[in-house]
Amino acid sequence: MPIFDASPLRGTTVNRRANVRPTYIEPPLTLGARLRRSTLSALLRLVVITAWLAAMLVWFLAYVPVVGAAVALVVTLGNVEGRMAGFAVGAVLVAAGVAWRWTGPDSFDRYVEDRTDRFARRIRYRWTWTDLLAACGLASCDAHHTIRVPRLWWVQLGRYADVLHVQLCPGVTAEQLAEKTDALRSEFHALEVRVLPHPTRRGWCLLRVIAADTLLDGVSPPRTPADVDLNALELGRRDDGAPWLLRLLGRHVLVAGATGAGKSNVVAALFTQLAPAIAAGSVRVIGIDPKGGMEFGLYPDLFWHLACETDVEMVEALELAADLVQARAVALRGVARLHTPTVEEPFYLVVVDEIASLTAYLGDRHLRDRAKLALGRLLTKGRAPGVSVVGCVQDPRKDVLELRNLFTTRIALRLSEKTEVAMVLGDGARDRGATADRIPVTAPGVGYLIEDGSPTVVKVRAGYVDDDQLDWLAATYPTPTRLHPDVINAELVHDDEADEQGREPEVVPVQRQRSKARR
């Protein structure tokens with residue numbers, strides 16, 4: 001059994017039974033005895049405080065080497081050349097520090113202010129930990145009336161965020177700790193506090209304390225790669241400074257956010273990564289824009305098929321994609337369990353700008369039912385055959401988007417209410433740090449990401465792609481093939497030769513008029 005899992009070490013003791021027993025009333029002492037006792041107690045307390053301050057001072061000078069070297073130089077010269085020499089050198093060093101602060105604020109912040117702030121945060125965590133958790137009710141009492149709180153073993157300090165390794169005590173769970181993140185955030189003077197599972201130890205958890213928002217400033221647009229990896233598309237940056245890599249192959253992505261939250265930023269950043277594959281023919285994009293083409297009409301050459309004019313056309317585009325899923329599943333039967341994108345058999349991506357316009361706001365009930373049915377077929381069967389869906393929505397309520405739980409990757413941009421966070425990311429996501437309702441209006445593209453199978457909440461920001469760059473992408477990487485405009489109501493024709501060779505059945509036009517909405 002690991003030493004850290006021993007019962008006496010699981011949790012920090014706050015109080016014992018002996019401390020709560022009735023105290024024995026001693027007989028009154030003489031004035032001299034009371035003075036001697038109080039003086040001895042004060043001296044002992046002064047010695048302890050002095051030793052602690054000395055230890056903290058030595059630790060601080062070692063943690064901030066620039067300050068430590070300056071103090072060592074002043075003390076050495078003061079002992080060798082005299083106090084006046086030491087004071088003179090100290091004054092010169094202080095003046096040099098002030099000049100450094102004004103002339104090189106970035107380097108001064110990195111080597112002095114930042115490390116000083118880290119040291120202060122470490123002291124704050126240790127100093128307030130026990131009382132804070134007891135005040136939050138995160139304590140347990142055993143049969144011996146011993147009160148314990150989760151133990152803080154060590155702290156990993158970072159420039160913008162700290163990670164606290166916490167061992168849970170009996171009776172306190174990580175879920176209970178997650179419910180008190182607002183209180184922890186307030187006491188730690190932090191922006192956010194998130195509870196993460198410990199990667200190696202059971203009965204432990206990690207507290208990620210965000211000290212500074214690295215995503216507050218805009219993120220530059222991601223570079224268009226030479227080789228497209230559908231398992232690692234760089235859309236922007238995470239709050240820890242690492243690139244935001246999105247896995248698209250075998251996933252469906254839901255992007256939810258209020259008006260102006262930056263949903264178009266996420267889609268545009270996605271196209272900057274897919275553009276070379278689109279031009280090569282290994283990726284085909286089906287776009288559905290209920291706004292009449294105001295969004296996707298800026299770069300139509302990137303789409304294999306773009307539906308934006310009528311409700312019937314957009315619903316039939318969804319049905320076309322669902323038929324592609326069914327046809328490819330038949331072609332892959334007995335050949336492979338997961339599709340591998342090639343130029344001959346490309347990866348299909350269905351991008352819907354406002355998915356609720358098709359599932360909830362269509363006036364024709366029959367068309368609305370057809371859209372829900374086609375979307376359900378895509379989300380439940382499209383992963384293995386190589387057809388993914390990226391859906392954007394403003395209103396994430398269940399009666400607006402019934403199939404939201406079928407999206408394996410969900411991104412919550414700025415939302416209007418607390419309850420909407422759980423609608424998009426699931427129950428308990430806000431307690432784990434996904435405060436999407438607190439994202440400022442001035443930060444479009446900032447959101448929280450949760451992938452299927454992982455409870456970890458990641459804060460991300462998509463890179464900003466302007467209209468000029470989108471025009472350049474459409475002109476530089478146009479799709480080599482386009483679905484003919486008259487083939488909106490196409491049929492998938494299977495032939496024996498395609499089945500024998502394992503090729504994907506082609507979409508061929510059928511000589512008939514566009515089908516009207518059946519009533």
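1. Arg377 and Asp323 form a salt bridge, with their closest N and O atoms 3.1 Å apart, where a salt bridge is a side-chain nitrogen of Lys or Arg within 4 Å of a carboxyl oxygen of Asp or Glu. The pair links distant parts of the chain, since Arg377 lies in helix 11 (residues 365-381) and Asp323 in helix 9 (residues 311-331), 54 residues apart. Arg377 counts as partly exposed at 26% relative accessibility, and Asp323 counts as partly exposed at 28%; buried means under 20% relative accessible area, exposed over 50%, and partly exposed in between (1.4 Å probe, protein chains only). Helices (H or I, at least four residues) and strands (E, at least two) are DSSP runs, numbered from the N terminus.

2. This is a predicted model, in which local features need pLDDT of at least 70 and side-chain atom pairs count only at pLDDT 80 or more, whereas totals for chains, interfaces and linings use all residues. Residues are numbered from 1 along each chain as its sequence is written, and side-chain values use heavy atoms, with hydrogens and water left out.

3. The structure holds 19 salt bridges, among them one in which the side chains of Arg101 and Glu113 meet at 2.8 Å, N to O. Because Arg101 lies in helix 4 (residues 83-103) and Glu113 in helix 5 (residues 105-135), this pair ties together parts that are 12 residues apart in sequence. Arg101 is partly exposed, with a relative accessible area of 36%, and Glu113 is partly exposed at 33%.

4. Within helix 5, Arg118 and Asp114 are four residues apart, about one turn of the helix, and their side chains meet in a salt bridge of 2.7 Å, N to O. Arg118 counts as buried at 15% relative accessibility, and Asp114 is buried with a relative accessible area of 8%.

5. Strand 7 (residues 204-210) pairs with strand 6 in the antiparallel sense over six bridges, and seven bridges join strand 7 to strand 5 (residues 161-167), again antiparallel; two strands pair if DSSP finds at least two bridges between them. In strand 7, Ile210 is the bridge partner of Glu192, Cys205 that of Pro197, and Leu207 that of Leu164. Strands 6 and 7 form a hairpin with six residues between them, and Gly203 in the turn has a positive phi of about 80°.

6. Five of the six residues of strand 6 (residues 192-197) are buried, so this strand is largely enclosed by the rest of the structure. In strand 7, seven of its seven residues are buried: Trp204, Leu206, Arg208 and Ile210 point one way, and Cys205, Leu207 and Val209 the other way. Arg208 also belongs to a network of salt bridges that links it with Glu192, Arg194, Asp213, Asp239 and Lys459.

7. On the surface, Ile49, Trp52, Leu53 and Trp127 form a nonpolar patch with about 450 Å² of accessible area together, as given by the Shrake-Rupley method with a 1.4 Å probe, for which only the protein chains shown count as cover for residues. Patches are made of residues with over 30% relative accessible area and no salt bridge, like charges being joined within 9 Å and nonpolar side chains (Val, Leu, Ile, Met, Phe, Trp, Tyr) within 5 Å. Helix 2 (residues 31-63) gives the largest share of the nonpolar patch, three residues; Trp52 lies in this helix and counts as partly exposed at 36%.
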